[in-house]
Amino acid sequence: MGYAKNDILTVKIEDMGNDGEGIGKTDGYTLFVKDAVIGDTVGCRITKAKKNYAYARLERILEPSRVRVEPRCRFHRQCGGCQIQAMDYKAQLAFKQNKVKNNLIRIGGFEADYVEKVMEPMVGMEDCFHYRNKAQFPIGEDKQGNLAAGFYAGRTHDIIANTDCVLGVEENKEILECILNYMKNYHVPAYNEQTGKGLVRHVLIRKGVASGEIMVCLVLNGNGNKKGDFLPEQDRLISGLKKVQGMTSISVSINAERTNVIMGKEVHGIWGKDGITDTIHMVETKNFTRTGQGISYFISPLSFYQVNPVQTEKLYSLVSEYAGLSGRETVWDVYCGIGTISLFLAGAAKQVYGVEAVPQAISDARENAARNGIGNAEFFVGRAEEILPEKYEKEGVYAEVIVVDPPRKGCDAKVIAAMLRMRPERIVYVSCDSATLARDLKMLCDGGYEVSRIRGVDQFCHTVHVETVVLIQRKDT
Ligand code: SAH
């Protein structure tokens, strides 16, 4: 017989699940214990019981694991953003290495020995706090009815006040406090998800870590007043925010829809520039020292930009190494965002083409090519699954190397099919979800390619997420 909700059990945690939960067994019954770490012996309370397994929450650590550490953030269990902050950093890297391996074996159907052979050690980070250059804070009322900026408690939309996330830049706190003070002083209401009323929904903050430039974008539930201002006493807000060191761009984004999507479709600048710049350098991938001048990028609020700038240099340099360019190749950068990878590779390629669905990102990409004096990069707006086949079939555009860097859901099947028809010599796959990566690699390998190198780069320390770069080669070359 099984167990029931609220039963208290003692269990030794012997494994970790993909979402960072501890896994233990008692009498063949499997427990998934949130916040428990591999190696812990814990007392846990069952939250949901099934016939052979149950979900449970950590009640008491009876014997801490060797790899358990004191988390820096007091909210880490409530927040759910840093699922593995209680694990030491080396163990975090081992967890991620295993996660990628398991997905390749289970979902991709690769042999364990093969994966072992082609997989290189995870690229970790030296100082793994305060690395995120971007944060989106919900604004609302906490349980006591106080105006608050913070994060949603795990799996809910309850706001917990915290302006000082240990992953973010230190300016976040000053900026959020400035906005909250302005809202209190001028009675500017926060948005309420239940009623759909109120004005300020979210605050996006992004910092160019190399340039020191900061952008703030307030997401608003409405279009402003007759005077043409988006916010009451807008000048008061601006005069406070522009005092923050590095402030370069203040904007608002209008999102009046009842949706979980954070940003609206339009952005209006209210002070300063329309975005910020940042620089990414090439690093030598043996010891990760910087070489070269770097490429400078303009980033507007709606464009995607990698969140961990220190690790991004390592990530792009690895992409460049895997791409193995000699100056003669035509390269496609599919899902190119603001053209970061395209421009990073352009110096070693004959021609680079980028494709990306967000129009603002493509306009940034074109500006970025110009600002770096790069003439051999061309960008197309549209869905990769439409543009790539069209360019190849109708215009005969070819590629020796294709780089893909899709969102979590992976490549559209039409993109994989188009690549298999284009038959580039090499494909470099940059992935932020190793499950969809494994699925896509299987299709590429069934289509006459083989995986020759794989390496994880830790872009998201303390979370269960892992970035992976894979070199895939055409078999007949
Ligand atoms: N390579 C870039 C961006 C990677 S993020 C960088 O490193 O900065 C993935 C990008 O894919 C995002 O910019 C997103 O807007 C874009 N995207 C999502 N779905 C897409 C699709 N179907 N077609 C083209 N681009 C898409």
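**Close-ups of a predicted model**

**View 1. How helix 10 starts, packs and ends.** At the start of helix 10, the backbone nitrogen of Lys414 has a side-chain oxygen of Asp412 within 2.8 Å. This is a predicted model, where local features need pLDDT of at least 70 and side-chain atom pairs pLDDT 80 or more, while totals for chains, interfaces and linings use all residues. Residues are numbered from 1 along each chain as its sequence is written, and side-chain values use heavy atoms, leaving out hydrogens and water. Helix 10 spans residues 413-422, and its buried residues (under 20% relative accessible area, 1.4 Å probe, protein chains only) are Val415, Ile416, Ala418, Met419 and Met422. They sit on the same side of helix 10 because they cover an arc of only 165 degrees around the axis, going by the directions from the axis to the C-beta atoms. Just after the helix, Arg423 takes a positive phi of about 50 degrees.

**View 2. Strand 11, covered on both faces.** In a regular strand, side chains alternate between the two faces of the sheet. Here, Ile214, Val216, Leu218 and Leu220 are buried on one side of strand 11, and Met215, Cys217 and Val219 on the other.

**View 3. The neighbours of strand 11.** Strand 10 (residues 200-207) pairs with strand 11 in the antiparallel sense over seven bridges; pairing takes at least two DSSP bridges. Look for His202 opposite Val219. The two strands make a hairpin with six residues between them, and Gly212 in the turn has a positive phi of about 80 degrees. Strand 12 (residues 247-254) runs parallel to strand 11, joined by seven bridges, with Ile254 opposite Leu220.

Key. Buried means under 20% relative accessible area, exposed over 50%, partly exposed in between (1.4 Å probe, protein chains only). Helices (H or I, at least four residues) and strands (E, at least two) are DSSP runs, numbered from the N terminus. A polar contact is a pair of N or O atoms within 3.5 Å; within protein, one must be able to donate a hydrogen and the other to accept it, and residues adjacent in sequence count only if both atoms are side-chain atoms.
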